[in-house]
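Welcome, and take a moment to look around before reading on.

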Amino acid sequence: MTFDLRQDRDLVRAAARSTRYLVVRLVAPATTRRRERLPVNVSLVLDRSGSMGGPKIRLAKEAVDRAIAALDERDRFSVVFYDDRIDVVVPSTTATGTARSAAREALRAVDARGSTNLFEGWMRGCEQVALHVGNDVVSRALLLTDGLANVGITDRFELETHAAELRRRGVATSTFGVGHDFDEALLEAMATAGGGNFYYIEDARQIADFMTSELGEALEVVARDVRLEVALPAGAQLEILGPERVERGGPDAWTVELGDLVARQEREVVLRVNFAPGTPGEAADVAIGVRDRDRAFAADRAAVRWTYADHARNDRQPRSVEVDRLVARLFAARARQDAVQLNKAGDYRRASAMLASVARRILGYADGDRELLELARELDGQASHEFAAAMPAALQKSVYSGASYERRMRSADGQARRRA
Amino acid sequence: MPDAAYTLADLCGLADVTPRTVRYYIEQGLLRSPGTTGPGARYDDGHLARLRLIRRLQREHLPLAEIRARLATLGDEEAIAQAEGPAGPPEDSALDYVRGVLGSPIARPAPPAGAAGPPLPRLIADRVPSSVASRLEAGIVPSPPPGAEPSVSDRSHWERFVLAPDVELNVRRPLTRSQNRAVARLVEVARQLLEEDKP
């Protein structure tokens, strides 16, 4: 079995609706079924607006150089630099040694200037990927910016919709925000909708590390378009605590989109199920299936059972502290992201109130657990200190991206968590 | 490539159908016969994908005759891609989509006087699921502030293609779809020529 299920409790209320949590933990296999890695087809899309001047643009170019060194003849790449003008510096090419040296040569002429047409730059990169999109390729645009989109389409909702539509057509988008002046909510939303990853790069000297790491993950994808198929008992409703997309396929059938998984990646998904009332003693089963385009998960299926019982038995039942911790961490991460946005907008009071209210809820079920108590204390501290006044931009970015990594079940530096 | 051999029981378990259904589909020409019969018969991923595809198409209320006609046009790889891919694959390719978005200048309507916010720009309104569009109209999803975006006609710009270290092609966007295709070919051919002429 390539995944397991853990439920927070075993009983549901017979006489009222109840909310219960289910953790699905997937572990991706170490290789693809064919044992060969999938070829990648990427576009590196980089900002070279005026703000990228000086060492940043040089570091970005070095990052491209280092990233493409990881590719070989199986792969394709293109390089796009954008400001208010879009330069397809390297049109999509097979990653031969010659092509990589030619790309290095072409990069020399790139310098920083102009404003930020992130939309067109990104679209041109996607176009280069789309020229060679195929069934057996990992196709991805890697978009790097250090500023706000200020030319072309800049609306978050519109960019997000395009990212989702491109994802449906086989081109994913990952985003990298450098420094303190980019819009973290926009870049994260594009990556979420685009089925890719979002990264915060505090220091331009880390651009190469982040870009190489993301490309490295693309090279190790073993399962594309992984999704959970969830069958609920009649009348139940499903919500997902993370950023994953959920679609309802029928009255009691739901699909949760997880995107691509890399070799040995561990990924938890927390489902929040709201059950309709029922008869005491009766069972309420939730069945989970895992599918992916590369059949790495071989359509595995498993189910967990809740049993209807009266209020007294429900109130006495034990809880899984492991599930509670994960649920608490996800609520805390979501609250931190929202609170950063409120703090940015100058609404310190609501930002603090939001964190304090999650802390209170966690204390309500912490039941002496040290980890949960610590989390509640941390949130309270943030509510009364960092978030109670204007936060420095660097702190906003690091809190926001840290919460983003947590919600996506990635490591503290944004990478896929792998089973050793 | 079909690469797994399943027994009838395996196949039925994976596709969630009964052996009787499998035999019926073979009789009806929806599935290839496994060649041999009896316990030695082996089925592959093509069979599995087709079974799943049949279920999906049945859920879309397609008659069996229509399903048979569709399956007949698919190779195993295509059937696998369709059965495992997301539901309701988009009709256009990623390339068509990008070029549709970038290539066609679509005027945006001005917000009507007194409206709560500007209407969803047409460029995207055509592509947004109606449920999302209605949430937007209801003000549930935040709309962009008025005047935040320049109109499409303001977005014409020059794009530079580097064909070789000393050769560039400049193109003023947006172009029509056919011009876009012509430019893409031009770049490809030019790069080939320049590659050949390398000393």
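How many cavities of 30 Å³ or more does the structure hold? The structure, which is a predicted model, holds two of them.

**Cavity and pocket**

Let us start with the second largest cavity, which has about 60 Å³ of space. Its lining is made by A:V137, A:V138, A:S139, A:R167, A:G170, A:R224, A:D225, A:D260 and A:R293. Two strands of chain A, β7 (138-145) and β10 (221-231), each give at least two residues to that lining.

Next comes the second largest pocket, where about 920 Å³ of space lies. Its lining counts 37 residues, and those nearest the centre of the pocket are A:P91, A:T93, B:L163, B:R191 and B:E195. From chain A, at least two lining residues each come from β6 (86-94), α2 (97-108) and α3 (118-130). From chain B, β1 (157-164) and α9 (177-196) each supply at least two as well. Which element gives the most to the lining of this pocket? That is α9(B), with nine residues.

**Aromatic rings**

Now to the rings. A pair of aromatic rings is described by the distance of the centres and the angle of the planes. Over all chains, a search of the whole structure finds five aromatic pairs. One of them joins A:F275 and A:W306: the ring centres are 5.1 Å apart and the planes stand at 55 degrees, so this pair is tilted. Why does the pair tie together parts that are 31 residues apart in sequence? It does so because A:F275 lies in strand β14 (residues 266-275) of chain A, while A:W306 lies in strand β16 (residues 301-309) of chain A. Are these two residues buried or exposed? A:F275 has a relative accessibility of 0% and so counts as buried, and A:W306 is buried too, with a relative accessible area of 0%.

In chain B, the rings of B:Y24 and B:Y25 form a pair that is tilted, because their centres are 6.1 Å apart and their planes are at 50 degrees. B:Y24 is partly exposed, with a relative accessible area of 37%, whereas B:Y25, at 6% relative accessibility, counts as buried.

Here are the two pairs side by side:

| Pair | Distance of centres | Angle of planes |
|---|---|---|
| A:F275 and A:W306 | 5.1 Å | 55 degrees |
| B:Y24 and B:Y25 | 6.1 Å | 50 degrees |

Back in chain A, three residues, A:F176, A:Y199 and A:F210, form one aromatic cluster. Rings also meet charges here. The charged end of A:K397 sits over the ring of A:F182, at 5.1 Å from its centre. In another place, A:R361 lies over the face of A:F331, and the distance to the ring centre is 5.6 Å.

**Chain B as a whole**

Finally, step back to view chain B. What does its secondary structure come to? It comes to nine helices and two strands, and along the sequence they follow the pattern α-α-α-α-α-α-α-α-β-β-α. Chain B has 199 residues, of which 38% count as buried. The accessible surface of chain B comes to about 11500 Å², and 55% of that belongs to carbon and sulfur atoms. If you take the contacts in chain B between residues at least 6 apart in sequence, 54% of them join residues at least 24 apart.

Definitions and conventions. Residues numbered from 1 in each chain as written. Chains lettered and ligands numbered in written order. Predicted model: local features only at pLDDT ≥ 70, side-chain atom pairs only at ≥ 80, totals over all residues. Heavy atoms only, no water. Phe/Tyr/Trp six-rings, centres within 6.5 Å; stacked < 30°, edge-to-face > 60°. Helix = DSSP H or I, 4+ residues; strand = E, 2+ residues; numbered from the N terminus. Buried < 20%, exposed > 50% of the residue type's maximum accessible area, 1.4 Å probe, protein only. Lys NZ or Arg CZ within 6 Å of the ring centre and 35° of its normal. Contact = heavy atoms within 4.5 Å. Areas by Shrake-Rupley, 256 points an atom, 1.4 Å probe, with all protein chains shown as cover. 1 Å grid on protein atoms, 1.4 Å probe; cavity = no way out; pocket = protein on both sides within 12 Å on 5 of 7 lines; lining within 4 Å. Points joined across faces, edges and corners; volume = space filled by probe spheres on them.
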